[in-house]
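Open the structure in your viewer and keep the selection tool ready. The tour goes stop by stop.

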Amino acid sequence: MQKKKKKSHVPFRLNALFLSVFLLFSILIFRLGYVQIVKGAEYKQTSDQTDNVTTKLDAPRGKIYDRDHRVVVNNKPVYSITYTRMQNSTAEDRLKLAEKLSHFIHKDTSEVTERDKKDFFILLHKKEVEKRITAKEKKKLNDDQIYQLELDRVTKKDLDQLTDHQLEVLAIKRELDGGYSMSPQRVKVGVTEKEIARISEHLKELPGIDIKPDAQRDYPFGNSFKGILGQVKQIPKSKMDYYLARGNDRNDLVGTSFLEEQYESVLRGKKSKIEYMTDKAGNPIGDPIEKKGERGDDLVLTVDMDFQKKVENIIESELKESKSGSFAYANRDLKEAYVTVMNPNTGEILAMAGKQYDPKTGRYKNDPYGNVYDSFAAGSVVKGATVLAGLQSGVITPNTHFYDAPLNFGDGRVMKSVENMGSIGPLTALERSSNVYMWNIAMRLAGYDYSKKRFIHENVEGAFRTLRNTYAQFGLGVPTGIDLPSEATGYHTGISDDLAQAMFFAIGQFDTYTPLQLAQYVSTIANDGYRMQPHLVKEIREPSEDPNKLGKLVTRIEPNVLNRIDMKKSDIELVQKGFRLVMSGAHGTAAPRFSHKSYLPAGKSGTAQVDIKTGMDNRTLIAYAPYKHPEVAISVVVPNVRADTPNYEIGEKVLDTYFEMKDKGEPTK
Amino acid sequence: MLMDNEKKFSPWQQIDYNLVFILFLMFCVSCIAIYSAQQMAQYDQNFVVKQIIYYVVGGIAIVGVMFLDYDQYRRLSWYLYGLGIILLIGIIIAPLSLVPDINGARAWYRIGGFAFQPSEVMKVALIISLSNVIASHNEKYIIRTIREDLILIGKIALVTGVPFLLIMMQPDLGTGLVFIAIAGSLMLVSGVRWRLIFIITLIGILFIATLVWIYFTFPQFFIDYILRGKLYQLDRFYAWLDPEAHPDAGYNTLKAVLAVGSGELFGKGFLHGSVYIPEAQTDFIFSIIGEEWGFLGTSIVISLFFLLIYRMINVGLESNEAFGSYLCAGVIGWFTFQAFQNIGMNIQVMPITGIPLPFISYGGSAILACMIALGLVLNVRSRTRKYMFGSNQ
């Protein structure tokens with residue numbers, strides 16, 4: 001019975017173990033009694049509580065009409081493929097998904113950047129790229145620096161290896177990567193029926209992919225003016241916080257450029273909301289409460305699309321003409337031209353057109369934004385402002401005459417006008433576009449005595465400042481205030497103490513201005529010194545039920561005077577007279593083309609040297625008409641011209657067209 | 001060797017059908033609860049079917065375990081222990097492809113489509129080797145002084161300490177505590193003097209108390225040298241003691257208590273649970289039972305565990321060999337601790353650790369290990385010689 005003895009303690013100890021098990025389980029039972037019976041009702045109540053769930057449905061954006069109430073931007077119902085990213089999805093998962101999707105949909109690859117391609121190349125050829133980093137570098141650098149080095153070492157040749165199909169996969173992957181977790185991201189807007197069919201068939205193999213009804217902007221006038229209308233896209237990452245703070249959802253489409261961006265708050269619709277209660281499991285209870293959404297408000301533009309189209313056609317045909325025949329070689333660098341037409345009294349933009357020649361395709365594409373976002377040396381068109389600067393500062397009077405002959409500074413430099421004009425006053429100086437007269441103004445502003453060939457009280461910088469301040473009063477070099485986001489204000493060359501530079505500045509050779517600034521400048525002269533804020537939108541209207549009628553007026557954009565220039569009225573009238581002489585005087589630079597016009601135009605032409613060696617200039621024209629009661633002002637900028645005068649031809653045809661249409665009741669009504 | 005009054009039955013005739021029946025009831029509870037849990041979210045796999053397969057595989061394992069006389073396991077104990085240790089070391093040195101990192105811990109081997117947790121193997125191996133160590137020690141030292149008891153405690157501590165340290169490297173505190181629970185219950189049954197058991201318990205309590213004291217008195221020292229900067233380790237405790245104030249860390253605790261509590265006395269009914277708990281089929285299966293079947297259901301589940309352990313205690317009491325009793329005690333320590341810890345964390349009695357509820361939670365490794373352990377107990381019972389006239393010595 002040895003065993004028994006050995007084991008004698010075991011039953012007692014096992015019972016002790018059982019006792020502790022019993023105690024532990026008792027604790028559980030007591031606690032369960034407390035949780036489920038004592039506090040049970042309380043927990044039950046909490047668990048029965050419902051959640052309010054709101055689903056939102058997109059409301060259409062407002063439409064855009066032209067001043068004749070023709071639809072310029074419309075909404076087109078389309079289907080989009082969306083991707084909802086799960087929190088744990090990896091780059092590899094999305095690459096696989098993009099690869100699969102590429103077999104079902106076609107995706108444009110034009111938005112893929114070089115950086116995207118490099119990242120993609122590294123993802124595809126990880127090992128190969130890793131080999132390009134030496135062991136020494138690996139030791140020294142951290143992971144980010146190594147990746148940067150890898151990026152640097154992906155060559156152009158590597159990127160050329162990427163096939164068209166791979167690029168398409170990359171273009172899709174970009175969209176997949178762009179999203180936020182749990183929020184649907186558009187992979188492709190406006191998929192074809194075939195694509196929908198193929199995707200639906202394989203939806204099970206495509207986690208996160210969905211097909212949803214969507215809206216796309218539609219442009220009945222095609223590419224005409226489209227560049228200024230702007231784009232509607234998903235909210236860019238950099239602006240996400242801005243839009244989220246304004247009640248947008250992550251996957252919303254917003255205006256990302258130009259008018260669509262500027263008037264986002266107007267065009268954006270109110271989403272319809274459906275609120276319903278759910279239990280904790282997410283099952284809806286009862287009837288949902290629906291709050292109807294509203295389409296965004298509509299915009300009515302100041303632009304007349306008929307006129308706009310005609311201006312575009314004029315630019316294109318004149319560019320073609322200047323680039324053909326005997327001018328073809330000389331004008332090899334001529335590519336573009338810009339025209340802004342506005343009402344000088346109200347600031348309404350009637351047309352804003354530009355064309356750009358694409359040597360690859362031989363086509364001319366619309367480039368209206370060049371009027372607002374590109375700037376050019378404008379040449380003699382600024383002379384009106386230079387004369388006013390002279391008059392206002394008192395360095396000249398309306399009767400001051402200068403002798404127009406080549407200026408000689410004794411150091412071999414000779415500066416002259418197009419021709420020697422003899423003794424001339426400010427009117428003739430404008431009419432014949434005298435450089436020497438303007439230089440005299442600049443020299444006086446700088447405190448230089450030409451007859452003595454020395455400074456009396458040197459102040460070249462002061463001359464710069466006076467001229468620039470005067471130009472700025474007309475809108476040259478400062479924001480015009482147009483209703484577009486971040487307009488260009490031209491290139492400001494700074495202030496120098498070189499007298500010659502100040503003199504060239506006085507004839508428009510240094511700073512650069514946008515065509516829109518030139519239009520505002522000439523309008524200010526036409527408008528007796530009142531600088532008007534240009535605008536593209538005339539009215540904001542409520543959406544209407546009847547597609548043939550506009551909705552109720554919400555806001556009319558009233559003419560807004562930005563400033564009145566400081567000069568005396570008589571001084572402004574002198575410049576107006578000078579501008580009229582340019583187009584009607586015996587020696588007027590633009591008179592041959594405009595003197596017989598019944599609409600009595602006034603204006604100023606300009607030539608700014610861009611490349612002296614090959615004789616390449618920017619050719620410009622600013623004009624308004626009729627001279628007594630101006631109703632239209634234009635600016636024409638044709639950069640990089642070596643032969644021919646497309647600025648005159650375009651200006652003439654645009655003004656002719658305007659008055660022809662006016663006779664028929666358009667485009668100013 | 002057979003005594004006259006000893007009647008011999010074949011082991012298969014002595015199967016404890018009480019235990020088998022309790023196991024069957026647990027199987028039913030498990031399937032019903034998992035079926036409820038998988039309604040909660042969009043799972044593309046049917047966990048119930050898989051659980052049934054695991055049970056079948058586990059059943060085969062029980063039969064396999066029954067073939068050898070449990071005495072044979074005593075001889076094999078060191079091989080099993082060595083295998084367990086090698087597998088645990090393997091976890092540390094194996095490549096990521098074989099041992100993937102899941103939520104910051106590496107605890108699973110993944111081979112092909114199968115995954116298994118070596119710590120489950122170690123639990124079985126630990127019980128067998130500790131039982132062997134204690135049985136051998138007690139056979140050797142018939143007359144026991146404090147010295148012999150201390151040697152035994154040292155042996156138990158050594159045998160348990162090695163796998164415990166390895167498991168803490170994963171890190172898996174929950175499983176580490178299971179090892180300690182197994183060692184503790186075996187030490188209790190091993191016959192070590194009560195005085196020593198009290199002293200060890202006291203040391204344990206003092207150790208924890210010291211940690212708490214350091215935490216409150218020298219928090220910076222605690223963070224720098226005890227947590228080694230891993231502040232998130234504290235979340236577990238914050239979430240347990242005050243989940244409302246730490247809703248992120250305490251999310252599971254809040255949800256589980258809400259689910260169990262809202263079940264009230266009779267539950268919301270099968271498939272009528274409404275509190276969403278992620279991955280409820282594994283560690284939070286008890287909250288599903290509590291919500292849908294109420295206090296009634298939870299009491300039944302606890303009673304099933306109580307009956308299971310009661311039966312195992314009986315097997316341990318009836319066993320003719322001390323080694324058999326020790327096996328039972330080890331298994332009891334294991335099941336009791338896991339059941340208490342798992343149910344406890346569902347009702348905020350214990351902090352949350354990743355320990356499944358034996359026989360009920362979904363999971364292949366765990367079911368298989370529990371079945372093997374139960375197989376050992378059944379084995380002990382089947383090979384217990386019954387005396388016709390009983391033995392009341």
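Select H2(A) and H11(B): their axes come within 10 Å and cross at roughly 175 degrees. Axes here are lines fitted to C-alpha atoms, for helices over the stretch in contact, with angles from 0 to 180 degrees between N-to-C directions. H2(A) and H11(B) are therefore roughly antiparallel to each other, the word for angles over 145 degrees. In this contact (heavy atoms within 4.5 Å), 19 residues are nonpolar, eight are polar and none is charged. Ala, Val, Leu, Ile, Met, Phe, Trp, Tyr, Cys and Pro count as nonpolar, Asp, Glu, Lys and Arg as charged, and the others, Gly among them, as polar. Helices (H or I, at least four residues) and strands (E, at least two) are DSSP runs, numbered from the N terminus.

This is a predicted model: local features need pLDDT of at least 70, side-chain atom pairs need pLDDT 80 or more, and totals for chains, interfaces and linings use all residues. Residues are numbered from 1 along each chain as its sequence is written, chains are lettered from A and ligands numbered from 1 in the order written, and side-chain values use heavy atoms, without hydrogens and water.

Next, show Tyr34(A), Ile37(A), Val38(A), Leu265(B), Phe266(B), Leu296(B) and Ile300(B), which make a nonpolar surface patch of about 700 Å². Patch residues have over 30% relative accessible area and no salt bridge, with nonpolar side chains (Val, Leu, Ile, Met, Phe, Trp, Tyr) joined within 5 Å. Accessible areas come from the Shrake-Rupley method with a 1.4 Å probe, and only the protein chains shown count as cover. A salt bridge is a side-chain nitrogen of Lys or Arg within 4 Å of a carboxyl oxygen of Asp or Glu. H2(A) gives the largest share, three residues. Leu296(B) lies in H11 of chain B.

Move to H7 (194-217) and H8 (219-226) of chain B: their axes come within 5 Å and cross at roughly 120 degrees. Among the contact residues are Leu211(B) and Phe222(B).

Last, zoom in on Pro626(A). The peptide bond from Ala625(A) is cis, with omega near -15 degrees.

Note on methods. Patches are made of residues with over 30% relative accessible area and no salt bridge: like charges are joined within 9 Å, nonpolar side chains (Val, Leu, Ile, Met, Phe, Trp, Tyr) within 5 Å. Angles under 35 degrees count as roughly parallel, over 145 as roughly antiparallel, 65 to 115 as roughly perpendicular and the rest as oblique.
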